[in-house]
Amino acid sequence: MSPFRLFERARWRWWCAAALLLALARPAGTQENPVPLNVAQYKGSHNSYERKEFVADQLARHRIRQLEFDVRFINGEWVVYHDERGSYTSCYYLAACLQSVRDWSEAHPGHQAVYIWIDLKDRAWAPGGMEELDKVVTGHLGARRLFTPDDLRRDHTDLQTALAKSGWPDLRALRNRFVVVLTGNGAMNDAYALSTTPALRGRPAFVNFEPNRPTWDFADPQDPLRVPYRVIFNLNLGHPVPPWRLDFIRQARARGFLTRGYNLAHRPDTWATLKEIGLNILSSDWVDAEQYPYAVVGNPLGCHHPDTPCDPKALAEPPVK
């Protein structure tokens, strides 16, 4: 056999071996079957700071991957409690709450992304409050661990355009990271978003929008739903859930937006319905996964993807050592 043929055969064998190694090394589904963030379903805790389960235990033992902290800006510090009459809080300073999440994260590498909802209870931004909030979020969670509006927008003009053209990232790219969302006071959310150009540029947190009327239209460019920086929606789902809110979840889900429900009535039939229609985050007062076994979505995540079954490996986490 000629040296040329020997060389060609050797090169072919090397190429086949390299291709096999690459296939074995690639995480299942990274290319073939991606699982974008908007098809994943999370169990969350409502008012996480006042549950009987500490924040770290909610993450470690009860499959919670969405937390919520109600905050006020007092004497130059962001503090956490429910109302002015006083209420129990397991971490009075937001910095301490977030640091406990960061400590848990570092002790559990490979965990799924954790949503952190920061519910603004003030009536307006106090001087320095916006900058101090960003400082607390980035300082205690870590700038590199945050998935931010800039990460979603990339080179697109705005967030809704980015979703329409590129979509949310794969779950695997979000492991060990946090998605922070401001909720509560709508005027404060808008001021936070519009304080930069484009909206939310350089900000560590997204803002939510809460639809509260039964007439809305995603196809209408003048509808408040179409404000370009609104890609995450929050809904009050107290029993009985108005049919229009269920329809909203379905339509938002079909367009790639993220949806969260809170004030859930803790009934197995309601929980099953919300999972079936694709609600992304089921935020619950019933945190204990053993006491309320129906009130879970997965271990820790579930999936609602009518077109393609989700890869179980993409939804799981490494076992705790």
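Student: Among contacts in the protein between residues at least 6 apart in sequence, what percentage join residues at least 24 apart?

Tutor: The share is 70%, where a contact means heavy atoms within 4.5 Å. The model is a predicted one, in which local features need pLDDT of at least 70, side-chain atom pairs count only at pLDDT 80 or more, and totals for chains, interfaces and linings use all residues. Residues are numbered from 1 along each chain as its sequence is written, and side-chain values use heavy atoms, with hydrogens and water left out.

Student: Why is Arg102 called buried?

Tutor: Buried means under 20% relative accessible area, exposed means over 50%, and partly exposed lies in between, for a 1.4 Å probe and protein chains only. Arg102 has a relative accessible area of 19%, and therefore it counts as buried. Arg102 belongs to helix 3 (residues 94–107); helices (H or I, at least four residues) and strands (E, at least two) are DSSP runs, numbered from the N terminus. Leaving aside residues up to four places away in sequence, Arg102 touches His140, Leu141, Gly142, Arg145 and Phe178.

Student: What makes Gly256 buried, and where is it found?

Tutor: Its relative accessibility is 12%, which falls under 20%, so Gly256 counts as buried. Gly256 sits in the loop between helix 8 (243–254) and strand 8 (258–262). Not counting residues up to four places away in sequence, Gly256 touches Asn38, Leu163 and Trp168.

Student: How many residues of strand 4 are buried, and on which faces?

Tutor: Seven of the seven residues of strand 4 (residues 114–120) are buried. Val114, Ile116, Ile118 and Leu120 are on one side, with Tyr115, Trp117 and Asp119 on the other, and both faces are covered.

Student: What makes strand 4 a partner of strand 2 and of strand 5?

Tutor: Two strands pair if DSSP finds at least two bridges between them. Six bridges join strand 2 (residues 64–74) to strand 4, so the two strands pair, and they run parallel. Phe69 stands opposite Ile118 in strand 4. Seven bridges connect strand 4 and strand 5 (residues 178–184), so this is also a pair, again in the parallel sense. Here Ile116 stands opposite Val180 in strand 5.

Student: How do you know that Lys121 and Asp119 form a salt bridge?

Tutor: A salt bridge is a side-chain nitrogen of Lys or Arg within 4 Å of a carboxyl oxygen of Asp or Glu. The closest N and O atoms of Lys121 and Asp119 are 3.4 Å apart, so the pair meets the rule. Lys121 is partly exposed because its relative accessibility is 31%, whereas Asp119 is buried, with 9%. By this rule the count comes to 13 salt bridges.

Student: What makes Asp134 and Arg203 a salt bridge, and which parts of the chain does the pair link?

Tutor: The N to O distance is 2.5 Å, which is within 4 Å, so the pair qualifies. Asp134 lies in helix 4 (residues 129–141) and Arg203 in the loop between helix 7 (186–194) and strand 6 (205–207), so that distant parts of the chain, 69 residues apart, are linked. Asp134 is buried because its relative accessibility is 11%, and Arg203 is buried because its value is 10%.

Student: Why is Asp151 called partly exposed?

Tutor: Its relative accessible area is 33%, between 20% and 50%, so Asp151 is partly exposed. Asp151 forms a salt bridge with Arg177, with the closest N and O atoms 3.4 Å apart.
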